[in-house]
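Here is a guided walk through one structure. Please look at the sequence and the model before reading on.

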Amino acid sequence: MSAEPSARGASAPGGMARRLIVGRLRVIVPLLVLVALVVLFVVLTPIYTDLLFYRSVNFSKVFTTVLWTRVLLFVLFGLVMAVVIGTNLVLAYRLRPPLRPLSVEQQNLERYRTALEPYLLAVLLGVTALFGLAAGLSASGRWRTWLQWVNGQKFGVTDPQFHRDVSYYAFTYPFQRFLLGFLLSAVVLSLVVTTVTHYLFGGIRIQSPRHGDVRIETERVSPAAKAHLSVLLGLLALLKAWAYYLDRFGLVFSSRGVVSTGAGYTDVHAVLPAKLILLFISLACAGLFIYNIFQRGWTLPLLGAGILVLSAVVIGGIYPAIVQQLQVKPNEASRESPYIARNIAATRDAYGIDSVMPQNYPVATQLTATAVQNDVGTVSNVRLLDPNKLSKTFKQLQQLKGYYGFPDTLDIDRYTVGSTTQDYVVSVRELDQSGLAPSQKNWINEHLTYTHGKGFVAAPANKVKGGKPDFQVGDLPQTGPFTITENQVYFGEMSPDYSIVGTKQQEIDGPGAAQGSTTTTTYTGDGGVSIGSWFDRAVFAARFGEKNILFSSDITQQSRILYERNPRDRVAKVAPWLTLDGDPYPAVVNGRITWILDGYTTSDGYPYSERNALGQVTADAVTGQNRAKQGTNDVNYIRNSVKATVDAYDGTVTLYAFDESDPVLKTWMRAFPGTVKPAKAIPAELRAHFRYPEDLFKVQRDVLADYHVTDPRAFYSQEDFWAVSPAPDDQNTDQPPFYVYSQLPGHKTPSFNLTSPLISRRSSKLAAYVAVSSDPDDYGAFQVLRLPQGVTISGPSQMQSQIMTSSASKLTLWRGGLSSASNQTIPGNLLTLPVADGLMYVEPFYVQASGSASYPILQGVAVAFGDTVALEDSLQQALDEVFGPGAGDPASGAGSGSGATAVGSTGSPTEPPASSASPNPSLTPAPGTTLSPDLVAAIGAAQAANKAGQQALAKNPPDWSAFGVAQGDLAKALASISALSGSSTPSPSATPAPSASAAPSTTAAPSATASPTTGPSG
């Protein structure tokens, strides 16, 4: 009876403890669940928002294909690795010896065995999960390799050594190498964990057991452990045999021979047989390891492994080196000739230049003014506006509002207005939130109010007006001959990370018609993703780390969030298998601003084709200036197989197959069916704006520099190899190619071409001129003009030095003198142009004053032909100076530099008031005007004085005394013109004439030049 209450009393504290634990668990478990849900939400947010993006652009097939492929590879290879490791661990444990001879070693290990025994299952699961996770993650990153292997299409071309279709090397061989690497990793890791397990549980013993002081000799490896390890070593030898088998095919990418890619004489006659021998030795080793299961000791397998290692050194290394030194080197040209021919043919085919052959261009070293004058197609279209130097000019003259801007580099495209086709410097007026005042920078303004840019801007590349671009399309409201029905830019290169449109806030839409007014708008497009629901708002708040997305009352059911707004980023996401050109460009297509991008399909698996580092061969002087740098991956096959577009208003992405014969494109179209439209779907108006892509051209010109030589012996000598010229203003980088509208030799009409000069590899003289057409009728047609080797024409860098030297005095004057230079002279693109069976250089020069509101304007144009250089106010004048009067007549409509220069005490060019008469005596009377004889004489005197001043400056060194006299005569003539015409003429004191001893810093620029370098700050 008394025991019962005692039992209840004893159980009471235990019950209270259990209730306390249960109570705490009721609090902790929900918190843990909540934390797990939050972590899961954060992890899945990027995936879910990416899915929403793909759905918004109708490319969800890409998202699901990549996702499930990665999941498949993760599960498949992760599971295989986990099973292999786990199976070997279990086997090693089960094969442990039941009795372990007593030794100090085993006594020490016993403590570890005792500690591990209760947790063996956890250790097994942990180890297998760790290795499986690592293998799965690694394999999931190879989804491209998997998809190409599964969907690979035939090239229809076989390699010359093994006669296998190129698709084997491009698609199958990389997957086989990946699979071999995976299996080798699995076997090696199994060997490691198995050895450790056998050692831990007594299957392998380092010390022999002792009985007292006597060592008892026994097998240090138990028969079961020996069998297990022998099987693994046999599998390792079999995989090594497979590796040698694959190495044979890998010889088509060998870099041992004269050429850097492809099997040479030594590879074919020494390395290839060696690989076969090593393959059979590896098979023999595998047999010895398996046979060793039934033998005592390790003598046979160790002997086999030693033979394999020795053979690999002697047969695989020393023997090929002997063949190379004793057979190939003394007769290298003849021995390697067949293999050089293979490399030449494969490289030219892989880079799409197999049909490109240089044509001899008997370049004329003497040209008449008439010959140049008759080349209207080239001379009248010479580009005076450098898109890489005039971003500030566009910004100052077309920015209109501080929150608008232009990219650092502009673009070139051609348009037909009426019956005239010419190239234009183009850009879009994008949103630039860095222009907002500090007080304007808040979340509502940056993400709800200032959401987009507005307007397309274009100026003829061959024309200026007062030194400034002659904007034919620009301003707001939009003006110009182009029909633009939708000019709002919600998707551009300068767009912010995200904007939310369709909110209660009105969006700023640029200046209004009334002075100082601003218009507003509300987005009505289908771009972006709806965030009307609280869940979607929470998701995007998590993605962008911004709570206002969740709590803002301005966001409605109709609101949409725009993100992934850079055109290049959008195309990269929907087509992750493409390599994109670094320079997207805008065009007006069917009344809408459309971004056009070039997509490349590439491979590094084309046998015998020269490999190039894509990022290295495409880098030049303008790379990085708003132009993306390519990756460092090697390629030896490239095609411009896709043209992509992005609508600037709603962000619609469209992919068009441009080279439907490309097997790599066919492979990806099979992997992602329905994502690429056929070539016949390309609208004619869009096709008219396709340009030959720059990055592809850079790769091809680099390859052509060597591979225009098709004779193997001539290729071996490298005597006629070319090189890309260094940039004239940066000798450490390559000169970029230039889009020009010109008439090439043998053509009857001008065309839009991408061009580049090439210099001799052995010197800096000009060796060739490469041009490729962008016109729809002959798109991609190359023309390579090879100059005679006996004619010496300076290359671009040499000519740049010559121009700068011969024009030093004039450039010094434009800068405001030697000691107080306040202006900056900016050389533009140095164009190499075939003209009238010769080659001339043309380079515009811009002047920019100091100050944040200054901008470059055209000050003059340099023309160089042979050793003759002229830097004048206009292209017409420079051509006349170099070739003779009349040569520049076709360029008479191009305009001239900035006209007169009014130089103040600081030597800084300033823009004269519009009502001021220019000191430049180009005083052609208006039609119907009758001038008195005295006025005509005064004008003639002004012209003569101006010319005398120019001649004085042209001397080396400048004749400052004569220049001062000429300036005095000019002042008198201008005063006479003012008195006779009744007009107001600026005092000549604005351009003081220096004395003979005056320092150049105090002298004025010639009166025929002006430099309006300031403009509206926007």
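Two strands pair if DSSP finds at least two bridges between them; strands (E, at least two residues) and helices (H or I, at least four) are DSSP runs, numbered from the N terminus. The model is predicted, so local features need pLDDT of at least 70 and side-chain atom pairs count only at pLDDT 80 or more, while totals for chains, interfaces and linings use all residues. Residues are numbered from 1 along each chain as its sequence is written, and side-chain values use heavy atoms, with hydrogens and water left out.

Seven bridges join strand 5 to strand 6 (residues 420-428), and the two run antiparallel. Tyr415 has Gln422 of strand 6 as its bridge partner. These strands belong to an open sheet of three strands in the order 5-6-9, with antiparallel pairing. Strand 5 (411-417) and strand 9 (456-460) are the edge strands, each pairing on one side only. From one strand to the next, the twist averages 45°.

Next come two helices. Helix 2 (residues 60-94) packs against helix 4 (residues 120-140) at an angle of about 145°, with the axes 7 Å apart. Axes are lines fitted to C-alpha atoms, for helices over the stretch in contact, and angles run from 0 to 180 degrees between N-to-C directions. Contact means heavy atoms within 4.5 Å. Among the residues making this contact are Phe74 and Phe77 of helix 2 and Phe131 of helix 4.

Confidence is given by pLDDT, the predictor's score for each residue from 0 to 100. The chain averages 86, and 86% of the residues score at least 70. Over residues 1-10 pLDDT stays under 50, and the model has zero contacts beyond four places in sequence for them.
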